[in-house]
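Let's take a walk through a protein model together and look at how its charged side chains pair up. Have the structure open as you read.

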Amino acid sequence: MVSDDTVYGVLLVFSVAFGLYTKNLKGADTRQTVSSIAGFCTILIICHLHVFHSIITVIGTCVVLKCVPHRKCHIACFIWSFGYLAVFRTVHLVGIPAPPPLCNAVQLFLTLRMIGLACEIHDSRMAVFKEDATQEDKRLIKKYVHIDPDFSDIFAYAYCYIGMMTGPYYKYRTYRDWLEETNMENIETYTPFWKKVKPVPIILACFLAFSHYFNIQYVESDEFSDHPFWFRLFYMVPMFIIFRTRLYIAWLLSECMCITSALGAYPVKSKPKCGQGPTDLKALEEIQNEPDKKSVEYNFQSVYNLDIYGCELAPTTKEGLRSWNMTVQYWLATYIHRRVPASLKAYRVSITMAVSAFWHGIHPGYYLSFLTVPPILMAEAAMSNAFRRDTSPLQMWLFDWGCWFFKMRGFDYMCMGFLLLRLNSTLNYWWSIYFIGHIVVVLFLIIGNVFTRKPGRDVKKD
């Protein structure tokens, strides 16, 4: 029996290679048709009859966008998409066969695309009514931000093979710009591709080596509990290495998929940002109006999904999270965090983490892990205010390395919830190491608040 990881890997590599073909297709309609057929065939291969879940999701989105006014369509689509995601994960309770794990990956990113599409439609309509927007701003928004997809466009976007299983998330506007790009032959893909793919062999070797000696099933065995405390505590370190190297490989290959097909390529002068796309629309228009585009420099910042340096070496949890699965972080920040009502501002992080946990799955381990993030962020902020603010460069340097050490141990600790999934399994493991992650967070909160330096307070002089 071929493992899911093998199927996953083969489809990723094939999709990267297939990008070379789609990049050279002529015409938006041809590129749209080929990319959506490739995506639908991929879903058929991994989901079989369970493909009907994705079809229902897309049809429901089309109905919502047709029937609900633009001012409320994003809210209605959020309720529909996450509501059906709950149905998708619980159909086995009513006798319908549960979808396979790879089908779940498809449904995850389809949910992001459909909600993001509705938010784009809402935001692009509302942007032209802003009081502080000039006529020039409104003209550029209508030209480069406004979208008006029909049903066939929505289906094509939903089933575009690029990023279907692993991300990165990209907006409908980015997808549309890719279809209509007329300067494909001058977009450099070779150099960014090799830059992105170079770390993969080393990361793969680490994944295979650690996977050979460590596995999550051992944590639930009777033998594991017989080991001393230091062994049980240490065990979460290699488990997080396995967890993140597996994701690193998937995300790097998914970015390579975008690069070979040239999806997400924008002129550097348009100042594209991760997830958002170009931010300088005036510069974008000027470049598009140039008669000779051979010298235009492009980058793939809009689909930049992984900053390994930030994940591994950023000193704080907040910076580490922002470096991880960055386009999904953009989606959560733009469509969830910033839209939480002002009356619930104090709970924005918790609400965002809860939505993220539900998006990942309904297993209790996700919630136990994600809802550990807010207190960790609070503890880091308290300790930083107490021991980093208004200190010498050496003290800052020492604090940052100490903070980095505890950040990585926090990720190790939370990772076990992601891997063990079940409530009893996660709590049993945390109990076996005496809930040390939670205890350290509470201690840091207390210490940080006791010794917090008041803003503007002078450092004591000798």
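This is a predicted model: local features need pLDDT of at least 70, side-chain atom pairs count only at pLDDT 80 or more; totals for chains, interfaces and linings use all residues.

Residues are numbered from 1 along each chain as its sequence is written, and side-chain values use heavy atoms, with hydrogens and water left out.

Side chains of opposite charge can pair when their charged atoms come close. Here a salt bridge means a side-chain nitrogen of Lys or Arg within 4 Å of a carboxyl oxygen of Asp or Glu, and the whole structure holds 14 salt bridges.

Start with Glu 136 and Lys 282, whose side chains meet at 3.3 Å, N to O. Glu 136 belongs to helix α6 (residues 135–144) and Lys 282 to helix α13 (residues 281–288), so this pair ties together parts that are 146 residues apart in sequence. Helices are DSSP runs of H or I with at least four residues, numbered from the N terminus.

Now find Glu 285 and Lys 143, which form a salt bridge at 3.0 Å, N to O. Glu 285 lies in helix α13 and Lys 143 in helix α6, so parts 142 residues apart in sequence are tied together. Glu 285 is buried, with a relative accessible area of 7%, whereas Lys 143 is partly exposed at 38%. (Buried means under 20% relative accessible area, exposed over 50%, and partly exposed in between, using a 1.4 Å probe and protein chains only.)

Note on methods
Helices (H or I, at least four residues) and strands (E, at least two) are DSSP runs, numbered from the N terminus.
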